[in-house]
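These are my notebook entries on a two-chain model, written down as I looked things up. I begin with the contact between the chains and then turn to single residues and strands.

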Amino acid sequence: MSTISYKTIDKIAGPLMFVQGIDNAAYGEIVEIKLVNGDRRQGQVLDTRQGLAVVQVFGPTLGLNTSGTSVKFLGETAQISVSDDMLGRVFDGLGNPRDNGPKIVSKHKVDLVGSGINPYSREEPSEFIQTGMSNIDAMNTLVRGQKLPVFSGAGLPHNLLASQIARQAKVLSASESFSVVFAAMGITSEEANFFVKQFEESGALGRTSLFLNLSSDPSMERLLTPRLALTTAEYLAYERDMHVLVIMTDMTNYCEALREISAAREEVPGRRGYPGYMYTDLASLYERAGKIKGRHGSVTQIPILTMPADDITHPIPDLTGYITEGQIVMSRDLHRGDIHPPVDVLTSLSRLMNQGIGKGRTREDHRNLADQLYSTYAQGKDARALAAIVGEEALSDLDRKFLKVANNFERKFVNQGMDENRSIEQTLDIGWELLSELTDSELNRIKPEFIEKYRKRTSTGGK
Amino acid sequence: MADGIISRITGPVVVASGLEGAQMFDVVRIGDMGLVGEIIRLEGSKATIQVYEDTTGLRPGEKVTNTKRPLSMQLGPGLLTSIYDGIQRPLDVLREQSGDFISRGKVIPALDQTKKWDFVPLKKKGDTVSPGEIIGEVQETPLIMHKIMVPHNVEGQLSEISEGKFTVNEIVATVQNSVKTDIGLSSWWTVRTPRPVLRKLPPEEPLLTGQRVLDTFFPVAKGGTAAIPGPFGSGKTVTQQQLAKWADSNVIVYVGCGERGNEMTEVLSTFPKLEDPKSKRPLMERTILVANTSNMPVAAREASIYTGITMGEYYRDMGYGVALMADSTSRWAEALREISGRLEEMPGEEGYPAYLGRRLAEFYERGGKAIVISPEERVGSLTLVGAVSPPGGDFSEPVSQNTLRVTRVFWALDASLASRRHFPSINWLTSYSLYADGMGDWYKKNVAAEWIALRKEALEILQRESELQEIVQLVGYDALPEPEKGVLDTARAIREDYLQQSAYDDVDTYTSIRKQFLMLEAIIEFGKMETEAIKKGIPSTKIGSLESRKMISKIKWTKEDQVEQLVKDFKSKMQQEFNSLLVEVTH
């Protein structure tokens, strides 16, 4: 059927094209659109019935018309050719080379919409990834096969954070570093250049594959870009035994594109005009992180999204948070206080942390120490709020101590600059140092044997 | 009956024409791939079908075959220890057949069709049997004896009954009446129809969970219903899993509805290693898992809840206490919304269909403690615990509100508690249990006569604390009078040494009701001593540094068999320390 071209376009509305007289277009089938001037574009069938197919056009609809444009149904669903050669390359949002290199030719053609991993086949993620950043390693530990998004806001340095993770991430036991698959959706060319430069400078470009859909590119492509990236990542992980870190930015742009197509299809909107199936759609991306029993590689995801007006209850961060295994939340206050990375430890969370830490993985005191730091920092922040009203003098002695620990926590523990790569041992020792302000009995989250063992190591420790 | 033809495909909804004689909710097989779907709307011979699998690649014109049966499941030995997807396909078998990624169009029986089970008859040839009567047993797992029951519409004389090894599809007995009915080890049931009971009973006995905040303050009854709403990261899933692990129920059905794949894997890898505190057998031997992860097709998510509850009812009918955890019912409601949207139905609140409330109520109504259908009086219970994931943690949204209307226990998860790592982050001021008062007798008889008073006192102290906190916000802690400082100390002990409970610590993860009593009693007694001492002029700071105060913090980390001794030591230490404090003051 791929030989027949149809010139029966009935209507073009937004990114949608209605083609008449088609009897058996497959749902999700890819079509090739040939414009009057000879240009070619691609599209995908969104709704198919006898006599009509609704096609979503990837790329601009500029130049499309209802009389001369022809449509060819390719008889296959969206696929991508994958191979090892994709590392070190830069592609556009549809997977075409953007770096003047050759097209990827491979006998491996894979469906973009992968079927879900059978939960029975999954292996529990449990290998600690050292990112070299204290607030992540100690407090919100990332493990291989996890999906841990960064919730950021406009103007916050999430790109620096992401590139630092990509640069520094390693697994303690293994010598090999991560391969990186980078998917950009609707980011500016400036941001894209930043990432390319970062990867180049750190020498990581050779093990990186970039898919760039810039803000000037058609928004419909954005729906495809993360799927191209994840399909590539899955190939590298499960067929080529690599450990792959997928960075996807900015998921907010992706969701806007989703809303745009939903509005064009005149669907019943859910919250804030986003389609009711946004949860399912996002899950079909995020759930592609993981490890599979008996296969060597893994896919770890760090999606980045900017929260509109820093609102964590906005549908995009909200639905994301319900799917991902935690979140790293950036704080504007810390950023203003010149603390980098400005991660708000209290609202951040890593759900898989417990699997990745402890004896044999990081250190036996890790869990207890992290709990103590959390609760002390939380109480310190409460004390800070209280001091703002009643003055620091009216605080109890204990609250004053908490406040001091909280201040040090932000300045010495969270704050570490862009180039400092701390080992987990260093990170934990800094934590113990901060807690030296407290007496043994105030360390109520830490088992006595750990206090005994690790407290003495610190220089200022005392009872 | 004619096969139909696909006439339209949009996402998980397919329209087929030419399905003569089709009925609502008939299961159909769609297209060349044989995808599974269910008829949800009929106009003449045109049927609208929700498809349980991804429809990518389907074309109009492909064939649709009607199986002429509503979504049903085979119930019999082998359900326990299994893990199913939303439409009862065992995921382990699916993996053997189609690899690590779930492929489409696979139909796999829910029960192992070849395994032979040892059937032991309890009736003999010639006995008269009635609906629901147990005619024999199969040791399904070392924990659970599977009862083989007479189907609900059958009675008469046993013309035959055998003993020995049978598969789930073989006949073990025949009932002779005007017609002959064969009874096998398994039976079929349509999942959207509740299994009937004789009479429902009021729930009077708590479902003990080993979780202190739940058992002590907000208990759910066996056969009761509970809702856990909470924003992401507040610990819904951990709480649900703790319930699945430690609830003193005979059978656990855990439905992971639209949740994370890695979390289901965690359940799969931890449950077989965990031991039931009483029997010391692996917990998996009493557990059925339904795993419909968020990336599986949305229609199957809608079905997964019904699959789970049907299995729960089946074991209840055998006379067992069953607890079902659904995580999360919001995902189920969203699946309803998505399908409803594709059907272009008029939306109700926030795009949810207008029948959302009814469907939720119907679901929770399937729970309860009941005398099941049987000639001998047999009581079973089905406890339902549903997690709700309100967008943005806002409880005023439709799923939370409709759930709260029909459930009797409310465990309010609180993001601010979670962010200070107070786990389980159940807010003690806003949560409630409507069962607590009705179960007073049980606690008196089985725990201690003082239990009710103790619980009430602890709740009052917490309430008092929240009032005092407001004053502290204004004037600072130091400006508080000493007696009030004493109250805050006790409240703090309740929060930190009692309510906070680590799911990851080997000892703290489960606390028996006896230990709970001892712990709470220790804290409250210390509080009383403190109040007395403060009245006599001893400063609260001095009391805070007492050795016995530190002992309170240790109780939760202490193993069950050493708790009695520790609390005894604590009491004498406390007496001694307070006495010497008083001596200091009077001199």
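Which side chain of chain B meets Arg295(A) in a salt bridge? I looked this up in what is a predicted model, and found that the partner is Asp100(B), with N and O 2.9 Å apart.

**Entry 1: the interface**

I counted 5 salt bridges between chain A and chain B, and 32 residue pairs in polar contact, both residues of each pair being at pLDDT 80 or more. On the side of chain A that touches chain B, strands E5 (40-49) and E7 (70-77) each supply at least two residues, as do helices H6 (278-286), H7 (315-323), H9 (353-356) and H10 (366-390). The largest share of that side comes from H10(A), with 8 residues.

I then took the contact as a whole, where 80 residues of chain A are in contact with 74 residues of chain B. The area buried between the two chains is about 6,300 Å², and carbon and sulfur atoms give 51% of it. In chain A, the residues that lose the most area to chain B are Tyr27(A), Tyr120(A) and Tyr322(A), which together make up 12% of what that side buries.

**Entry 2: salt bridges one by one**

Are its two partners buried or exposed? Glu29(A) has a relative accessibility of 1% and therefore counts as buried; Arg59(B), at 18%, also counts as buried, because the cut-off for that word is under 20%.

Next I looked at Lys147(A), which forms a salt bridge with Glu287(A), the closest N and O atoms being 3.6 Å apart. This pair links distant parts of the chain, 140 residues apart: Lys147(A) is in the loop between strands E12 (142-143) and E13 (150-152) of chain A, and Glu287(A) is in the loop between H6 and strand E18 (290-291) of chain A. Both Lys147(A) and Glu287(A) are buried.

I also noted the salt bridge between the side chains of Lys447(A) and Asp505(B), at 3.7 Å from N to O. Here too the pair joins two chains, since Lys447(A) lies in the loop between helices H12 (424-435) and H13 (448-455) of chain A and Asp505(B) in the loop between helices H12 (482-499) and H13 (513-535) of chain B. Lys447(A) counts as partly exposed at 35% relative accessibility, whereas Asp505(B) is buried at 15%. I then found one network, held together by salt bridges that share partners, which joins Arg351(A), Glu259(B), Arg260(B), Glu263(B), Arg331(B) and Glu334(B).

**Entry 3: a buried strand of chain A**

How many residues of strand E15 (residues 179-187) of chain A are buried? I found that 9 of its 9 residues are. E15(A) pairs in the parallel sense with strand E17 (residues 243-249) of chain A over 6 bridges, and in E17(A) the bridge partner of Ala183(A) is Met248(A). E15(A) also runs parallel to strand E16 (residues 208-214) of chain A, to which 7 bridges join it; in E16(A), Leu214(A) is the bridge partner of Ile187(A). From E15(A) the chain crosses to E16(A) through helix H3 (residues 189-201) of chain A, and this β-α-β crossover is right-handed.

**Entry 4: backbone details**

I found a cis peptide bond between His340(A) and Pro341(A), with omega about -10°; Pro341(A) is in the loop between helix H8 (332-336) and strand E21 (349-350) of chain A. Another cis peptide bond joins Phe423(B) and Pro424(B), with omega about -10°, and Pro424(B) is in the loop between helix H9 (415-419) and strand E26 (432-433) of chain B.

Asn100(A), although not a glycine, has a positive phi of about 65°. I placed Asn100(A) in the loop between strands E9 (89-92) and E10 (109-111) of chain A, where it is exposed, with a relative accessible area of 80%.

Technical notes
Residues are numbered from 1 along each chain as its sequence is written. Chains are lettered from A and ligands numbered from 1 in the order in which they are written. This is a predicted model: local features need pLDDT of at least 70, side-chain atom pairs count only at pLDDT 80 or more; totals for chains, interfaces and linings use all residues. Side-chain values use heavy atoms; hydrogens and water are left out. Buried means under 20% relative accessible area, exposed over 50%, partly exposed in between (1.4 Å probe, protein chains only). Helices (H or I, at least four residues) and strands (E, at least two) are DSSP runs, numbered from the N terminus. Two strands pair if DSSP finds at least two bridges between them. A crossover is right-handed if, with the strands pointing away from the viewer, the path from the first strand over the helix to the second runs clockwise. Contact means heavy atoms within 4.5 Å. Buried area is the accessible area (1.4 Å probe) that two parts lose on being put together, summed over both. A salt bridge is a side-chain nitrogen of Lys or Arg within 4 Å of a carboxyl oxygen of Asp or Glu. A polar contact is a pair of N or O atoms within 3.5 Å; within protein, one must be able to donate a hydrogen and the other to accept it, and residues adjacent in sequence count only if both atoms are side-chain atoms.
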